[in-house]
Amino acid sequence: MELGTLILQPNLTHLFPTFTCCVKPLKQKELSLKISRRRVPVLAAMASLILGGNGISRTQSANAFDFRFVAPDMTVEEALSGVRGHAQDLLQVRDLLEAGYWKAAQKTLRETSALLKKDIYTIIQSKPGIERPQLRKLYAYLFNNVTRLDYAARDKDGPQVWQCYENIVVAVNDFLSRI
C-alpha cells in the first residue's frame, strides 16, 4: 500500500526523467501504469533496503543452505543395516493392496520408499565407480515402478498395481543380491 502512494507522488520526477522535446506529455493515469509495470520490483527492493536496513544483505541466509542431500548424514554401515528393513517394509504394502486399502497403501509406499531411497543412494555412493552404473540403473527401475504403483493405486487400477508390485519385488531382490 505504501509503495502505491510512493509511485503516484508527483515529486519523484528525479527518478523518472521526462523528455519534453520529442515525447507527447503523458497523463497521470498512463504514467502510473507504466511505472507500476516496469519499476515496482526495483522500487520494492529499494524500499526494503531503505526502510529495512538489512533487508537483502543478511548474512544468516548464506549459512542456511542444507547439504544433507548431497552428502548423506548416515554411514554406509547404517545404510546397509537399514536397507533390508526398509525393503521389507516396502514389500509389506502387498497386504494393504490385497485388502483394498488404496490410500493406506499409498501412504505406506511413500514413507518406506523415501527411507529406502536414501539408504540405497548412500550405498551406491560408497561403491567403486565401475559398479555404480548398474546400481543406478536398478535404482531408477525400482523407484520408477514405485511411482507407477503409486499412480495406479490412486486410480485403483488393479492389473497395473500388481504388475508394478512384481517389478518392485524383482528389483528389490536383485539389488539386495548385489550388495
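Tyrosine 165 is buried, because its relative accessible area is 5% and buried means under 20% relative accessible area, with exposed over 50% and partly exposed in between (1.4 Å probe, protein chains only). The model is predicted, so local features need pLDDT of at least 70 and side-chain atom pairs count only at pLDDT 80 or more, while totals for chains, interfaces and linings use all residues. Residues are numbered from 1 along each chain as its sequence is written, and side-chain values use heavy atoms, with hydrogens and water left out.

Tyrosine 165 and tryptophan 162 both lie in helix α7, three residues apart, about one turn of the helix. Helices here are DSSP runs (H or I, at least four residues), numbered from the N terminus. Rings of Phe, Tyr and Trp (its six-membered ring) pair if their centres lie within 6.5 Å; planes under 30 degrees apart count as stacked, over 60 as edge-to-face and the rest as tilted. By this rule there are two aromatic pairs. Tryptophan 162 and tyrosine 165 form an edge-to-face pair, at 6.0 Å centre to centre and 80° between the planes.

| Residue | Relative accessible area | Class |
|---|---|---|
| Tryptophan 162 | 28% | partly exposed |
| Tyrosine 165 | 5% | buried |
| Serine 113 | 10% | buried |

Helix α7 covers residues 158-178; at 1.5 Å a residue, its 21 residues should span 30 Å, and the end C-alpha atoms are 31 Å apart, which agrees. The expected span is 1.5 Å times one less than the number of residues. Buried residues of α7 include Val161, Cys164, Ile168, Val172 and Phe175. The buried residues of this helix pack against α3 (76-91), α4 (93-99), α5 (102-126) and α6 (132-155).

A nonpolar core is a set of buried Ala, Val, Leu, Ile, Met, Phe, Trp, Tyr and Cys residues joined through side-chain atoms within 4.5 Å. The largest one has 31 residues, and among those with the most contacts inside it are Ile168, Val172 and Phe175. Helix α7 gives the most to this core, with nine residues. Leaving aside neighbours within four places in sequence, phenylalanine 175 is in contact (heavy atoms within 4.5 Å) with Val83, Ile120, Ile123, Ile124, Leu135 and Leu138.

Serine 113 belongs to helix α5. Its side chain reaches the backbone oxygen of leucine 109 at 2.8 Å. Not counting residues up to four places away in sequence, serine 113 touches Leu90, Phe143 and Val146.

Definitions and conventions. Helices (H or I, at least four residues) and strands (E, at least two) are DSSP runs, numbered from the N terminus. A polar contact is a pair of N or O atoms within 3.5 Å; within protein, one must be able to donate a hydrogen and the other to accept it, and residues adjacent in sequence count only if both atoms are side-chain atoms.
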